Amino acid sequence: MENVRVVDTWSRQTPLGLLGLLTYLISQLTGNVSFPTPVISLADLQTLANDFGTLINEADTGDSNKRNQRDDKAVEICAALLKLSKYVTLESTSRTMAESSGFSIAKDPAPTPPILKPEGLQLFNGLNAGE
């Protein structure tokens, strides 16, 4: 079993970006045999997406109460995506399986190449005194 880690790409999204990501994840998980029983049902995720889309449109009117409701729903969606990402991490047996969920997967760690000794360095006097 490979060690896969889902990257949090949702917590810093704009409301429209978060809605787009949620919609994409729903489409990727629908009918995905690798993840048959997500911890949050796809119907609940779709309801969150529909409600959030409505709140985004209502918040565009400038009403601060609607913006607060939209932001509260965004926090709820982020919490749901965190739970879902943990489910994907635990159920995945390979990187390919994890990527099929639609979540971004962290790349495998690789060693940093050694720092090489610089070659061909030369010192020159500058144009100004003291350089």
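Visitor: Where is the place of Ser104 in this predicted model?
Guide: Ser104 touches Arg5, Val6, Val7 and Thr9, not counting residues up to four places away in sequence. Its C-alpha atom and that of Lys83, 21 residues apart along the chain, are separated by 15 Å. In this predicted model, the place of Ser104 is in the segment after H4.

Visitor: How far apart are the C-alpha atoms of Ser11 and Leu81?
Guide: Ser11 lies in the segment before H1 and is partly exposed, with a relative accessible area of 40%. Along the chain, Ser11 and Leu81 are 70 residues apart. The separation of their C-alpha atoms is 9.3 Å.

Visitor: Which residues does Ser85 touch, not counting residues up to four places away in sequence?
Guide: Ser85 has its place in helix H3. Its relative accessible area is 5%, and because buried means under 20%, Ser85 is buried. Leaving out residues up to four places away in sequence, Ser85 touches Val6, Trp10 and Phe103.

Visitor: Which element gives the largest share of the largest nonpolar core?
Guide: This core has 29 residues, of which Trp10, Leu18, Leu22, Leu45, Leu81 and Phe103 touch the most other members. Two or more residues are given to the core by each of helix H1 (15-29), helix H2 (42-59), helix H3 (64-91) and helix H4 (95-99). The largest share, 8 residues, comes from H3.

Visitor: With which residues is Leu45 in contact, leaving aside its neighbours within four places in sequence?
Guide: Leu45 is among the core residues that touch the most other members. In soluble globular proteins, nonpolar side chains tend to be buried together. With neighbours within four places in sequence left aside, Leu45 is in contact with Leu22, Ile26, Ile40, Ala80 and Leu84.

Visitor: How are H1 and H2 oriented to each other, roughly parallel or roughly antiparallel?
Guide: H1 and H2 have axes 10 Å apart and pack at an angle of about 155°. H1 passes H2 in a left-handed crossing. Since angles over 145 degrees count as roughly antiparallel, the relation of H1 to H2 is therefore roughly antiparallel.

Visitor: How many charged residues does the contact of H1 with H2 have?
Guide: On the H1 side the contact is formed by Pro15, Leu16, Leu18, Leu19, Leu22, Ile26 and Leu29, which meet Leu42, Leu45, Gln46, Leu48, Ala49, Phe52, Gly53 and Ile56 in H2. By class, this contact has 13 nonpolar and 2 polar residues. The charged residues in the contact of H1 with H2 number no charged residues.

Visitor: How many charged residues does the contact of H2 with H3 have?
Guide: H2 and H3 pack at an angle of about 155°, with axes 9 Å apart, and are therefore roughly antiparallel. The residues making the contact include Asp51 and Glu58 of H2, and Lys66, Arg67, Arg70, Lys73 and Glu76 of H3. Beside 10 nonpolar and 1 polar, the count of charged residues is 7.

Visitor: Is Lys73 buried or exposed, and with what relative accessible area?
Guide: Lys73 has its place in helix H3. Leaving aside neighbours within four places in sequence, Lys73 is in contact with Leu48, Asp51, Phe52 and Leu55. Because buried means under 20%, Lys73 is buried, its relative accessible area being 15%.

Visitor: At what angle do H1 and H3 pack?
Guide: H1 passes H3 in a left-handed crossing. Pro15, Leu18, Leu21, Leu22, Leu25 and Leu29 in H1 meet Arg70, Ala74, Ile77, Cys78, Leu81 and Leu84 in H3. With the axes 11 Å apart, the packing angle is about 35°.

Visitor: How far apart in space are Leu29 and Phe103, C-alpha to C-alpha?
Guide: Leu29, found in helix H1, counts as buried at 3% relative accessibility. Leaving aside neighbours within four places in sequence, Leu29 is in contact with Phe35, Leu42, Leu84 and Ser101. Leu29 and Phe103 are 74 residues apart in sequence, and their C-alpha distance is 9.9 Å.

Terms used
Residues are numbered from 1 along each chain as its sequence is written. This is a predicted model: local features need pLDDT of at least 70, side-chain atom pairs count only at pLDDT 80 or more; totals for chains, interfaces and linings use all residues. Side-chain values use heavy atoms; hydrogens and water are left out. A nonpolar core is a set of buried Ala, Val, Leu, Ile, Met, Phe, Trp, Tyr and Cys residues joined through side-chain atoms within 4.5 Å. Buried means under 20% relative accessible area, exposed over 50%, partly exposed in between (1.4 Å probe, protein chains only). Helices (H or I, at least four residues) and strands (E, at least two) are DSSP runs, numbered from the N terminus. Contact means heavy atoms within 4.5 Å. Axes are lines fitted to C-alpha atoms, for helices over the stretch in contact, and angles run from 0 to 180 degrees between N-to-C directions. Angles under 35 degrees count as roughly parallel, over 145 as roughly antiparallel, 65 to 115 as roughly perpendicular and the rest as oblique. Ala, Val, Leu, Ile, Met, Phe, Trp, Tyr, Cys and Pro count as nonpolar, Asp, Glu, Lys and Arg as charged, and the others, Gly among them, as polar. A crossing is left-handed if the near helix is turned anticlockwise from the far one by less than a right angle, and right-handed if clockwise.
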